[in-house]
Amino acid sequence: MANFDLTGLALSMVCPTNKLIMDDKGLPGVYVERKAQPLNALLVNGDNSIHPAFLYNGIQKDSLFFGKFLAKVHASRAYSLPGEDPTANITFDTADRYCKNKGDGHHIMTAAGWAFLALLAKKMGTMPKGNNNYGKDISESMYQAIPSMALDSNGRIQRTATGTGPLTWSDTGAIDGIFDLCGNVWEWLAGLRLVFGELQVIPYNNAADPTIDLSATSTAWRAIRAAATSYNDLFIQPNGTGTTSGSVKLDRVSGHWQWQAAAITDQDDSGRSAAFASTTCSGLSAFCKLYLQAMALLPEDGDTGYGEDMFYANNAAEERLPFRGGNWNDGVGAGVFALYFPSPRSHSNIYVGFRAAFENL
(Lines give C-alpha, C1' and ligand atoms only; values in the text may rest on other atoms or scores of the structure.)
Protein backbone atom coordinates (compact mmCIF):
# COMPACT_ATOMS: atom_id res chain seq x y z
CA MET A 1 0.00 0.00 0.00
CA ALA A 2 2.90 2.38 0.68
CA ASN A 3 3.96 2.17 -2.98
CA PHE A 4 0.43 3.00 -4.08
CA ASP A 5 0.35 5.94 -1.65
CA LEU A 6 3.49 7.36 -3.25
CA THR A 7 2.10 6.76 -6.72
CA GLY A 8 -1.11 8.52 -5.76
CA LEU A 9 0.84 11.48 -4.36
CA ALA A 10 2.89 11.77 -7.54
CA LEU A 11 -0.27 11.55 -9.67
CA SER A 12 -2.06 14.26 -7.70
CA MET A 13 0.99 16.55 -7.90
CA VAL A 14 0.97 16.38 -11.71
CA CYS A 15 -2.83 16.17 -12.14
CA PRO A 16 -4.63 17.47 -9.03
CA THR A 17 -8.02 16.23 -10.26
CA ASN A 18 -6.72 12.68 -10.81
CA LYS A 19 -7.00 10.16 -7.99
CA LEU A 20 -5.96 6.59 -7.30
CA ILE A 21 -8.98 4.78 -5.87
CA MET A 22 -8.59 1.31 -4.38
CA ASP A 23 -11.02 -1.56 -4.74
CA ASP A 24 -11.92 -4.44 -2.44
CA LYS A 25 -8.62 -6.15 -3.30
CA GLY A 26 -6.57 -3.07 -2.44
CA LEU A 27 -5.72 -2.53 -6.11
CA PRO A 28 -5.84 0.92 -7.70
CA GLY A 29 -7.57 2.51 -10.64
CA VAL A 30 -7.04 6.02 -12.01
CA TYR A 31 -10.08 8.29 -11.78
CA VAL A 32 -10.76 11.93 -12.62
CA GLU A 33 -12.75 14.06 -10.19
CA ARG A 34 -15.25 16.53 -11.64
CA LYS A 35 -17.06 19.13 -9.56
CA ALA A 36 -20.80 19.73 -9.74
CA GLN A 37 -21.99 22.34 -12.23
CA PRO A 38 -25.36 24.08 -12.65
CA LEU A 39 -27.16 23.74 -15.96
CA ASN A 40 -26.64 27.41 -16.82
CA ALA A 41 -22.88 26.72 -16.86
CA LEU A 42 -23.40 23.97 -19.45
CA LEU A 43 -26.41 25.00 -21.55
CA VAL A 44 -27.26 28.40 -23.00
CA ASN A 45 -30.85 28.12 -21.80
CA GLY A 46 -30.04 26.25 -18.60
CA ASP A 47 -31.19 27.31 -15.16
CA ASN A 48 -29.28 27.37 -11.88
CA SER A 49 -30.23 23.81 -10.91
CA ILE A 50 -27.44 21.23 -10.62
CA HIS A 51 -26.88 18.82 -13.48
CA PRO A 52 -28.82 15.57 -12.76
CA ALA A 53 -25.58 13.56 -12.71
CA PHE A 54 -24.95 15.05 -9.24
CA LEU A 55 -28.37 14.12 -7.82
CA TYR A 56 -28.05 10.75 -6.13
CA ASN A 57 -30.66 9.07 -3.93
CA GLY A 58 -32.02 12.41 -2.74
CA ILE A 59 -28.57 13.87 -2.05
CA GLN A 60 -26.76 16.51 -4.10
CA LYS A 61 -23.15 15.41 -4.59
CA ASP A 62 -20.29 17.90 -4.77
CA SER A 63 -18.25 15.82 -7.21
CA LEU A 64 -18.07 12.59 -9.20
CA PHE A 65 -15.18 10.31 -10.15
CA PHE A 66 -14.89 8.96 -13.69
CA GLY A 67 -12.54 6.28 -14.97
CA LYS A 68 -9.72 8.10 -16.75
CA PHE A 69 -9.37 5.15 -19.11
CA LEU A 70 -11.63 2.56 -20.69
CA ALA A 71 -12.05 -0.47 -18.46
CA LYS A 72 -9.73 -3.47 -18.51
CA VAL A 73 -10.95 -6.56 -16.66
CA HIS A 74 -8.58 -8.45 -14.34
CA ALA A 75 -9.87 -11.11 -11.93
CA SER A 76 -13.51 -10.19 -12.69
CA ARG A 77 -12.93 -6.53 -11.80
CA ALA A 78 -12.88 -3.48 -14.03
CA TYR A 79 -9.74 -1.32 -13.81
CA SER A 80 -9.02 2.15 -15.17
CA LEU A 81 -5.36 1.89 -16.12
CA PRO A 82 -3.14 3.25 -18.92
CA GLY A 83 -1.61 1.16 -21.69
CA GLU A 84 -4.22 -1.62 -21.60
CA ASP A 85 -6.24 -3.25 -24.36
CA PRO A 86 -9.76 -2.19 -23.33
CA THR A 87 -12.03 -5.10 -22.53
CA ALA A 88 -14.65 -5.65 -25.22
CA ASN A 89 -16.93 -8.50 -26.32
CA ILE A 90 -18.88 -7.97 -23.13
CA THR A 91 -22.60 -7.73 -22.37
CA PHE A 92 -24.05 -4.89 -20.32
CA ASP A 93 -24.90 -7.07 -17.32
CA THR A 94 -21.40 -8.57 -17.22
CA ALA A 95 -19.75 -5.15 -17.48
CA ASP A 96 -22.01 -3.87 -14.70
CA ARG A 97 -21.10 -6.82 -12.47
CA TYR A 98 -17.34 -6.39 -13.03
CA CYS A 99 -17.63 -2.78 -11.82
CA LYS A 100 -19.73 -3.66 -8.77
CA ASN A 101 -17.33 -6.50 -7.88
CA LYS A 102 -14.82 -3.80 -6.90
CA GLY A 103 -16.78 -2.92 -3.76
CA ASP A 104 -18.83 -0.08 -2.32
CA GLY A 105 -19.08 3.00 -4.50
CA HIS A 106 -17.83 1.38 -7.72
CA HIS A 107 -20.22 1.23 -10.66
CA ILE A 108 -20.41 1.31 -14.44
CA MET A 109 -20.53 4.72 -16.12
CA THR A 110 -24.06 6.12 -16.15
CA ALA A 111 -25.87 7.93 -18.94
CA ALA A 112 -26.24 11.00 -16.71
CA GLY A 113 -22.51 11.01 -15.97
CA TRP A 114 -21.62 10.72 -19.64
CA ALA A 115 -24.01 13.55 -20.54
CA PHE A 116 -22.34 15.84 -18.02
CA LEU A 117 -18.90 15.13 -19.51
CA ALA A 118 -20.16 15.71 -23.05
CA LEU A 119 -21.80 19.04 -22.18
CA LEU A 120 -18.77 20.19 -20.20
CA ALA A 121 -16.36 19.42 -23.03
CA LYS A 122 -18.59 21.26 -25.50
CA LYS A 123 -18.91 24.28 -23.22
CA MET A 124 -15.13 24.40 -22.66
CA GLY A 125 -14.39 24.03 -26.38
CA THR A 126 -12.41 20.83 -25.78
CA MET A 127 -14.55 18.24 -27.60
CA PRO A 128 -12.19 15.24 -27.59
CA LYS A 129 -10.88 13.49 -30.65
CA GLY A 130 -9.98 9.82 -30.64
CA ASN A 131 -9.42 6.53 -32.43
CA ASN A 132 -12.19 6.79 -35.00
CA ASN A 133 -10.12 6.12 -38.10
CA TYR A 134 -8.12 2.92 -37.59
CA GLY A 135 -5.75 4.09 -34.87
CA LYS A 136 -6.04 7.79 -35.64
CA ASP A 137 -8.60 10.55 -35.48
CA ILE A 138 -10.00 11.27 -38.92
CA SER A 139 -9.03 14.93 -38.56
CA GLU A 140 -5.42 14.17 -37.61
CA SER A 141 -2.65 12.69 -39.75
CA MET A 142 0.40 13.05 -37.52
CA TYR A 143 -0.81 11.16 -34.43
CA GLN A 144 -1.46 7.48 -33.91
CA ALA A 145 -2.15 5.49 -30.75
CA ILE A 146 -0.54 2.14 -29.88
CA PRO A 147 -2.42 -0.86 -31.33
CA SER A 148 -3.71 -3.25 -28.65
CA MET A 149 -5.32 -6.01 -30.72
CA ALA A 150 -4.68 -7.81 -33.99
CA LEU A 151 -4.92 -5.78 -37.19
CA ASP A 152 -7.99 -6.33 -39.31
CA SER A 153 -7.96 -8.31 -42.57
CA ASN A 154 -6.83 -5.19 -44.43
CA GLY A 155 -3.92 -4.60 -42.08
CA ARG A 156 -5.57 -1.68 -40.29
CA ILE A 157 -5.47 -0.85 -36.58
CA GLN A 158 -8.57 -1.62 -34.53
CA ARG A 159 -8.57 -1.10 -30.72
CA THR A 160 -5.73 0.95 -29.27
CA ALA A 161 -4.14 0.86 -25.82
CA THR A 162 -5.84 3.08 -23.25
CA GLY A 163 -4.50 6.59 -22.96
CA THR A 164 -1.85 6.20 -25.67
CA GLY A 165 -3.33 8.77 -28.03
CA PRO A 166 -2.28 12.44 -28.11
CA LEU A 167 -3.61 15.03 -25.68
CA THR A 168 -6.33 15.97 -28.17
CA TRP A 169 -7.94 12.64 -27.18
CA SER A 170 -8.46 13.92 -23.62
CA ASP A 171 -11.70 15.71 -22.81
CA THR A 172 -9.74 18.67 -21.46
CA GLY A 173 -7.12 18.66 -24.20
CA ALA A 174 -4.54 18.06 -21.48
CA ILE A 175 -2.96 15.19 -19.55
CA ASP A 176 -5.37 15.64 -16.62
CA GLY A 177 -8.43 14.70 -18.68
CA ILE A 178 -10.46 11.58 -19.45
CA PHE A 179 -9.26 9.65 -22.49
CA ASP A 180 -10.99 7.80 -25.33
CA LEU A 181 -14.50 9.20 -24.92
CA CYS A 182 -14.47 9.51 -28.70
CA GLY A 183 -13.86 6.34 -30.70
CA ASN A 184 -11.82 3.23 -29.85
CA VAL A 185 -14.85 1.25 -28.57
CA TRP A 186 -18.46 2.16 -27.91
CA GLU A 187 -19.22 2.33 -24.19
CA TRP A 188 -22.15 0.74 -22.37
CA LEU A 189 -24.04 3.18 -20.11
CA ALA A 190 -26.42 2.55 -17.22
CA GLY A 191 -29.73 4.16 -16.32
CA LEU A 192 -31.16 4.82 -19.79
CA ARG A 193 -33.12 2.68 -22.25
CA LEU A 194 -35.77 2.54 -24.96
CA VAL A 195 -38.77 0.24 -24.50
CA PHE A 196 -40.74 -0.07 -27.75
CA GLY A 197 -39.48 3.43 -28.50
CA GLU A 198 -40.45 4.93 -25.13
CA LEU A 199 -37.66 6.72 -23.28
CA GLN A 200 -37.06 5.32 -19.78
CA VAL A 201 -34.50 6.18 -17.10
CA ILE A 202 -33.40 5.32 -13.61
CA PRO A 203 -34.23 8.78 -12.12
CA TYR A 204 -31.55 11.39 -11.50
CA ASN A 205 -28.18 9.57 -11.25
CA ASN A 206 -29.51 6.77 -9.05
CA ALA A 207 -28.12 4.24 -11.55
CA ALA A 208 -24.76 4.98 -9.88
CA ASP A 209 -26.01 3.30 -6.70
CA PRO A 210 -24.27 -0.11 -6.66
CA THR A 211 -27.28 -1.60 -4.88
CA ILE A 212 -29.90 -0.52 -7.41
CA ASP A 213 -31.48 -3.07 -9.73
CA LEU A 214 -30.58 -2.27 -13.35
CA SER A 215 -32.19 -5.41 -14.79
CA ALA A 216 -34.79 -5.38 -17.56
CA THR A 217 -37.55 -6.17 -15.04
CA SER A 218 -36.43 -3.70 -12.36
CA THR A 219 -39.17 -1.59 -10.81
CA ALA A 220 -36.75 1.36 -10.67
CA TRP A 221 -37.28 2.27 -14.34
CA ARG A 222 -39.43 5.32 -15.05
CA ALA A 223 -40.87 6.89 -18.20
CA ILE A 224 -40.58 10.66 -18.74
CA ARG A 225 -43.66 12.89 -18.57
CA ALA A 226 -43.64 15.13 -21.64
CA ALA A 227 -45.64 17.86 -19.87
CA ALA A 228 -43.56 17.90 -16.65
CA THR A 229 -42.99 21.24 -14.96
CA SER A 230 -40.37 20.06 -12.43
CA TYR A 231 -38.67 16.94 -11.15
CA ASN A 232 -41.73 16.40 -8.96
CA ASP A 233 -43.79 15.23 -11.92
CA LEU A 234 -41.09 14.25 -14.44
CA PHE A 235 -40.72 10.54 -13.68
CA ILE A 236 -43.80 8.35 -14.18
CA GLN A 237 -44.57 4.64 -13.87
CA PRO A 238 -44.31 3.00 -17.32
CA ASN A 239 -47.03 0.65 -18.51
CA GLY A 240 -44.55 -1.86 -19.96
CA THR A 241 -45.69 -1.60 -23.58
CA GLY A 242 -44.01 1.69 -24.48
CA THR A 243 -47.35 3.44 -24.71
CA THR A 244 -47.52 5.12 -21.29
CA SER A 245 -49.95 8.03 -21.44
CA GLY A 246 -48.13 11.34 -21.82
CA SER A 247 -44.63 9.83 -21.93
CA VAL A 248 -41.71 10.88 -24.17
CA LYS A 249 -41.25 8.59 -27.17
CA LEU A 250 -38.80 8.43 -30.08
CA ASP A 251 -40.28 8.84 -33.56
CA ARG A 252 -38.73 9.00 -37.02
CA VAL A 253 -39.76 12.19 -38.80
CA SER A 254 -38.52 13.23 -42.25
CA GLY A 255 -35.35 11.15 -41.90
CA HIS A 256 -34.32 12.35 -38.44
CA TRP A 257 -35.12 11.41 -34.83
CA GLN A 258 -37.74 13.26 -32.81
CA TRP A 259 -38.61 13.03 -29.10
CA GLN A 260 -42.33 13.64 -28.75
CA ALA A 261 -45.41 13.29 -26.60
CA ALA A 262 -47.57 11.89 -29.41
CA ALA A 263 -47.73 8.23 -30.40
CA ILE A 264 -44.96 6.92 -32.65
CA THR A 265 -45.84 7.04 -36.35
CA ASP A 266 -42.70 5.43 -37.84
CA GLN A 267 -41.61 2.43 -35.78
CA ASP A 268 -39.07 -0.07 -37.10
CA ASP A 269 -37.22 -3.00 -35.53
CA SER A 270 -33.86 -2.06 -37.04
CA GLY A 271 -30.98 0.29 -36.40
CA ARG A 272 -31.61 3.49 -38.33
CA SER A 273 -29.36 6.52 -38.15
CA ALA A 274 -29.37 10.29 -38.41
CA ALA A 275 -27.11 13.12 -37.26
CA PHE A 276 -27.46 13.87 -33.55
CA ALA A 277 -27.61 17.59 -34.41
CA SER A 278 -30.77 16.99 -36.47
CA THR A 279 -32.73 15.59 -33.49
CA THR A 280 -35.90 17.56 -32.73
CA CYS A 281 -38.73 17.48 -30.17
CA SER A 282 -42.48 18.04 -30.29
CA GLY A 283 -45.07 18.55 -27.59
CA LEU A 284 -42.57 18.72 -24.71
CA SER A 285 -42.74 21.20 -21.86
CA ALA A 286 -39.83 23.59 -21.35
CA PHE A 287 -38.70 21.59 -18.31
CA CYS A 288 -38.86 18.24 -20.10
CA LYS A 289 -36.96 19.68 -23.06
CA LEU A 290 -34.26 21.04 -20.73
CA TYR A 291 -33.97 17.63 -19.06
CA LEU A 292 -33.39 15.90 -22.42
CA GLN A 293 -30.75 18.48 -23.29
CA ALA A 294 -29.08 17.96 -19.91
CA MET A 295 -28.98 14.23 -20.65
CA ALA A 296 -27.33 14.97 -24.04
CA LEU A 297 -30.29 13.42 -25.85
CA LEU A 298 -31.39 16.60 -27.61
CA PRO A 299 -29.35 19.46 -29.09
CA GLU A 300 -29.98 23.03 -28.01
CA ASP A 301 -32.11 25.07 -30.39
CA GLY A 302 -30.13 26.40 -33.31
CA ASP A 303 -26.87 24.91 -32.05
CA THR A 304 -24.87 23.08 -34.71
CA GLY A 305 -21.76 22.56 -32.61
CA TYR A 306 -22.13 18.77 -32.39
CA GLY A 307 -19.99 17.92 -35.39
CA GLU A 308 -21.32 14.97 -37.36
CA ASP A 309 -21.87 12.75 -34.33
CA MET A 310 -24.44 10.11 -35.24
CA PHE A 311 -27.59 8.91 -33.47
CA TYR A 312 -28.59 5.28 -34.19
CA ALA A 313 -31.77 3.78 -32.72
CA ASN A 314 -34.27 0.95 -32.82
CA ASN A 315 -37.63 2.36 -31.72
CA ALA A 316 -39.65 -0.86 -31.97
CA ALA A 317 -37.80 -3.47 -29.88
CA GLU A 318 -38.77 -4.50 -26.34
CA GLU A 319 -35.63 -3.10 -24.70
CA ARG A 320 -32.58 -1.35 -26.06
CA LEU A 321 -29.67 0.03 -23.98
CA PRO A 322 -27.27 2.77 -25.11
CA PHE A 323 -23.65 2.93 -26.14
CA ARG A 324 -21.95 6.29 -26.61
CA GLY A 325 -18.73 7.59 -28.15
CA GLY A 326 -18.14 5.52 -31.30
CA ASN A 327 -15.49 3.02 -32.32
CA TRP A 328 -12.31 2.86 -34.38
CA ASN A 329 -13.97 3.03 -37.80
CA ASP A 330 -16.86 5.46 -37.25
CA GLY A 331 -14.96 8.45 -38.62
CA VAL A 332 -16.75 11.78 -38.27
CA GLY A 333 -19.79 9.97 -36.82
CA ALA A 334 -17.90 9.26 -33.57
CA GLY A 335 -17.84 11.74 -30.70
CA VAL A 336 -19.11 12.45 -27.21
CA PHE A 337 -22.63 13.10 -28.54
CA ALA A 338 -22.69 9.96 -30.69
CA LEU A 339 -25.47 7.66 -29.45
CA TYR A 340 -26.12 4.02 -30.40
CA PHE A 341 -29.49 2.63 -29.33
CA PRO A 342 -30.20 -0.48 -31.46
CA SER A 343 -28.73 -3.21 -29.19
CA PRO A 344 -30.13 -5.42 -26.42
CA ARG A 345 -28.27 -5.76 -23.12
CA SER A 346 -27.11 -9.21 -24.25
CA HIS A 347 -25.13 -7.78 -27.18
CA SER A 348 -21.35 -8.21 -27.27
CA ASN A 349 -18.80 -7.41 -29.95
CA ILE A 350 -15.16 -6.47 -30.37
CA TYR A 351 -16.18 -2.81 -30.73
CA VAL A 352 -18.19 -2.53 -27.48
CA GLY A 353 -16.56 -1.90 -24.09
CA PHE A 354 -17.28 0.14 -20.98
CA ARG A 355 -15.86 2.48 -18.33
CA ALA A 356 -15.86 2.29 -14.54
CA ALA A 357 -16.84 5.15 -12.26
CA PHE A 358 -16.91 5.75 -8.53
CA GLU A 359 -19.34 7.41 -6.13
CA ASN A 360 -18.41 8.52 -2.63
CA LEU A 361 -21.14 6.92 -0.53
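Student: Buried here means under 20% relative accessible area, exposed over 50%, partly exposed in between, with a 1.4 Å probe and protein chains only. Going by that, which residues of H4 are buried?

Tutor: Phe287, Cys288, Leu290, Tyr291, Leu292, Gln293 and Ala294. That makes 7 of the 9 residues in H4, which spans 286-294, so the helix is mostly covered. Helices (H or I, at least four residues) and strands (E, at least two) are DSSP runs, numbered from the N terminus.

Student: Before I go on, what kind of model is this?

Tutor: It's a predicted model, where local features need pLDDT of at least 70 and side-chain atom pairs count only at pLDDT 80 or more, while totals for chains, interfaces and linings use all residues. Residues are numbered from 1 along each chain as its sequence is written, and side-chain values use heavy atoms, with hydrogens and water left out.

Student: OK, back to H4. What do its buried residues pack against?

Tutor: Helix H3 (111-124), plus strands S11 (198-201), S12 (222-224), S13 (235-236) and S15 (256-260). Contact means heavy atoms within 4.5 Å.

Student: Let's look at S15. Which of its residues are on which side?

Tutor: His256, Gln258 and Gln260 sit on one side, Trp257 and Trp259 on the other, and all of them are buried. With 5 of its 5 residues buried, S15 is largely enclosed by the rest of the structure.

Student: And how does S14 pair with S15?

Tutor: S14 (residues 249-253) runs antiparallel to S15, with 5 bridges. Strands count as paired if DSSP finds at least two bridges between them. Arg252 is opposite Trp257. The hairpin has 2 residues between the strands, and Ser254 takes a positive phi near 50° there.

Student: How many bridges join S15 to S17?

Tutor: 3, and those two strands run parallel. S17 covers residues 280-282, and Ser282 in it is the bridge partner of Gln260.

Student: New topic: the largest nonpolar core. Which residues touch the most other members?

Tutor: Ile224, Val248, Trp259, Tyr291, Leu292 and Phe311, out of 57 residues. Several elements supply at least two residues each, including S15, H4 and S20 (335-343). The largest share, 9 residues, comes from H3. A nonpolar core is a set of buried Ala, Val, Leu, Ile, Met, Phe, Trp, Tyr and Cys residues joined through side-chain atoms within 4.5 Å.

Student: What is Ile224 in contact with?

Tutor: Skipping neighbours within four places in sequence, its contacts include Leu199, Phe235, Val248, Cys288 and Tyr291. There's also a second, separate core of 31 residues, which includes Tyr98, Trp186, Leu214 and Phe358.

Student: What about Asp180, where does that lie?

Tutor: In the loop between H3 and S9 (186-188). Asp180 has a positive phi too, of about 70°, and is buried with a relative accessible area of 1%.

Student: Last one: what does Ala190 touch?

Tutor: Leaving out residues up to four places away in sequence, Ala190 touches Phe92, Ile108, Met109, Thr110, Ala111, Ala207 and Leu214. Ala190 is in the loop between S9 and S10 and counts as buried, at 1% relative accessibility. Its C-alpha atom is 8.5 Å from that of Ala112, 78 residues apart along the chain.
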